[in-house]
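Hello,

Here is the structure you were waiting for. My notes on it follow below.

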Amino acid sequence: MLKKKIFQKLKNAIVVSCQPIDGGPQDNIKTIVSMALAAEVGGCGGLRIEGAKNIRAVRKVTKLPIIGIIKNDLINYSIRITPLIKDVEKLSKSGADIIAYDATNRKRPCSTLKIVNKIKESNCIAMADCSNLEDAVNAIKEGAEIISSTLSGYV
């Protein structure tokens, strides 16, 4: 989807996160697809989906913009949201239009600049999940095209 069309769809629209609790009763692809379709019928402008398998399944049934993330629990690092270059590659190949990443200033296995550059190389939109204004300013300087307060209160 062209970036301009994606931004038009998201303008003044709600984005619905269809991410059940890991291991919970709704943690299966069929339910995630159902949640995404229900959100679309309800008028949302975009979807936030975790995991390449889930994104591939949702992409088959909707043309809404998909914000893709991969949650990783890494040893020696507290960041979880798309911390690795291989995560970006999986997300872009799975059908994500936008790739969200942890843009906080914490110890990480890969710099945020490298993550943003890989997202852009993949023809996706870079979305910075920020915890504060400093994170957002840095993310904008590095080329993030969407800023989110997703990590505010968590960090």
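pLDDT is the predictor's confidence in each residue, on a scale from 0 to 100. This is a predicted model, in which local features need pLDDT of at least 70, side-chain atom pairs count only at pLDDT 80 or more, and totals for chains, interfaces and linings use all residues. Residues are numbered from 1 along each chain as its sequence is written, and side-chain values use heavy atoms, with hydrogens and water left out.

Confidence

The protein chain has a mean pLDDT of 93, with 98% of its residues at 70 or more. Helices (H or I, at least four residues) and strands (E, at least two) are DSSP runs, numbered from the N terminus.

Lys9 is found in helix H1. Lys9 counts as partly exposed because its relative accessibility is 38% (buried means under 20% relative accessible area, exposed over 50%, partly exposed in between, with a 1.4 Å probe and protein chains only). The C-alpha atoms of Lys9 and Asp87 are 25 Å apart, and 78 residues separate the two along the chain.

Asn12 lies in the loop between H1 and strand E1 (15-17). Asn12 is not a glycine, yet has a positive phi of about 55°; its relative accessible area of 79% makes it exposed. Asn123 is in the loop between H5 and strand E5 (125-129). Asn123, also not a glycine, has a positive phi of about 60°, and is exposed at 67%.

A charge over a ring

The charged end of Lys107 sits over the ring of Tyr77, 5.5 Å from its centre (the rule asks for NZ of Lys or CZ of Arg within 6 Å of the ring centre and within 35 degrees of the ring normal).

The second largest pocket

A pocket is an open set of points on a 1 Å grid over the protein atoms alone, where a 1.4 Å probe fits, with protein on both sides within 12 Å along at least five of seven lines; lining residues have an atom within 4 Å of a point. The second largest pocket is lined by 14 residues, and Asp27, Ile32, Glu50, Gly51 and Asn54 lie nearest its centre. Helix H2 (29-41) and helix H3 (52-59) are the elements that give two or more residues to this lining. H3 supplies the largest share, three residues.

Regards
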